[in-house]
Amino acid sequence: MIRSAIAGNESLADVVTRQIIFGSIGFGVILLVAIIDYRFWSGAILPMYLVIVVALGLLKVIGGTRFGATRWIETGLISIQPTELAKVVVILALANYFSKTIEQPRDWKWLIKSLLITLGIAGLIYIQPNLSNVIVTMVIWAGMTWAGGLQPKHIIIMLVVAVGVPIIIFPFLEEYQRLRILDFVAPDPNASFGATYNVLQALAALGSGGWLGKGYGLGTQTQLRFMKVRHTDFIFSAIGEEFGFVGALFVVLLLGFIIYRCLRAARMARDPFGSMIAYGIAIFIFFQGAVNIAVNLNLIPVTGVPLPFISYGGSGLLSLMLGVGLVESVALRYKPLEF
């Protein structure tokens, strides 16, 4: 799909090869991480957390800027996005915290400590600025606290905060972030550029695909490059145009199957640490997939959240495959070994 979505753009010709390389490395990561007992990571949380904090801090010093945000460390050969790995580190850190506090009362102290663990990384992501991944990180936190035994009174207060905070911080957002929200609330149907234009092209692509699509490499909105960032944020629309409703539904079902297997591993895990890891990865995949598809359907404002396992992005793909490896490790050890 990445090959089709770049539509012969010579400047993007190498992204297909790059993604194949990252995917191949990712399978190795899955096997390696699955072999390692997931409980090993409990003792490595602190150094991993500190390394990712340092990496995120370095972005402001040596990071590369694209689309108004400093999110990439340029090595000359590849671009590394620490934020993607940071989300997996947050899952591991929270899983470790919740497993070690399993006997503690679910009070405000317990909740605030988990929030501070998350904010240590989310705050550094926010100053890139990268609001979309801050939201992903906070949703991971909210989902894992709920799985960890969040009390109903906490849920109500969190919902109130979730509604109020966006209103309060809106004036302090970057200009492009405010424009994305305003374009969603009051779109200009005659826009010839910007977020509104791209969403309209995405909707046209999805709608024109019909039931079975126009065929691989034959989608007009995609191949004539009406859509921007077709191989990343809007690859779902390219799938819908070329493979139709059936193809798009197939992708959704595949993601749903992966999420189901993560939840099954969580349910069968031998201890709370393994269970929380699998729950966290399931939330991670579900939310990113739901947000990307919702953007393509114009249900929410445009964000930079990719479609899991399909959108171009080496760091994102490796992080997801690392997450799958962790869940595999949990699933392989769901019961004591028998001799």
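Within the largest nonpolar core of this predicted model, which holds 63 residues, Ile121, Met144 and Ile277 touch the most other members. A nonpolar core is here a set of buried Ala, Val, Leu, Ile, Met, Phe, Trp, Tyr and Cys residues joined through side-chain atoms within 4.5 Å, where buried means under 20% relative accessible area, exposed over 50%, and partly exposed in between (1.4 Å probe, protein chains only). At least two residues of this core come from each of several helices, among them helix 3 (45-62), helix 4 (82-100), helix 6 (131-147) and helix 9 (194-208); helix 12 gives the most, with twelve residues. Helices (H or I, at least four residues) are DSSP runs, numbered from the N terminus. A second, separate core of 13 residues includes Val16, Ile235, Ala248 and Leu307. Leaving aside neighbours within four places in sequence, Ile121 is in contact (heavy atoms within 4.5 Å) with Tyr49, Ile52, Val53, Leu56, Ala86, Val89 and Val90.

Residues are numbered from 1 along each chain as its sequence is written. As the model is predicted, local features need pLDDT of at least 70 and side-chain atom pairs count only at pLDDT 80 or more, while totals for chains, interfaces and linings use all residues; side-chain values use heavy atoms, with hydrogens and water left out.

Turning to the surface, Trp108, Ile112, Leu116, Leu119, Ile157, Val161 and Val165 form a nonpolar patch with about 600 Å² of accessible area together. Such a patch joins nonpolar side chains (Val, Leu, Ile, Met, Phe, Trp, Tyr) within 5 Å, in residues with over 30% relative accessible area and no salt bridge. Helix 5 (108-126) and helix 7 (152-169) each supply at least two of its residues, and helix 5 gives the most, with four. Val165, in helix 7, counts as partly exposed because its relative accessibility is 37%.

Glu241 lies in helix 11 (residues 235-268) and counts as buried because its relative accessibility is 0%. The Glu241 side chain reaches the backbone nitrogen of Gln221 at 2.8 Å. Beyond its neighbours within four places in sequence, Glu241 is in contact with residues including Ala205, Ser208, Lys214 and Thr222.

The backbone also deserves a look. Most residues other than glycine have a negative phi, and most peptide bonds are trans. A cis peptide bond, with omega about -5°, joins Gln128 and Pro129; Pro129 lies in the loop between helix 5 and helix 6. Val229, found in the loop between helix 10 (220-223) and helix 11, has a positive phi near 40°. Phe309, in the loop between helix 12 and helix 13, likewise has a positive phi, about 70°.

Definitions and conventions
Patch = residues over 30% accessible without salt bridge, like charges linked within 9 Å, V, L, I, M, F, W, Y side chains within 5 Å. Areas by Shrake-Rupley, 256 points an atom, 1.4 Å probe, with all protein chains shown as cover. Salt bridge = Lys/Arg side-chain N within 4 Å of Asp/Glu carboxyl O. Polar contact = N/O pair within 3.5 Å; in protein donor to acceptor, adjacent residues only side chain to side chain.
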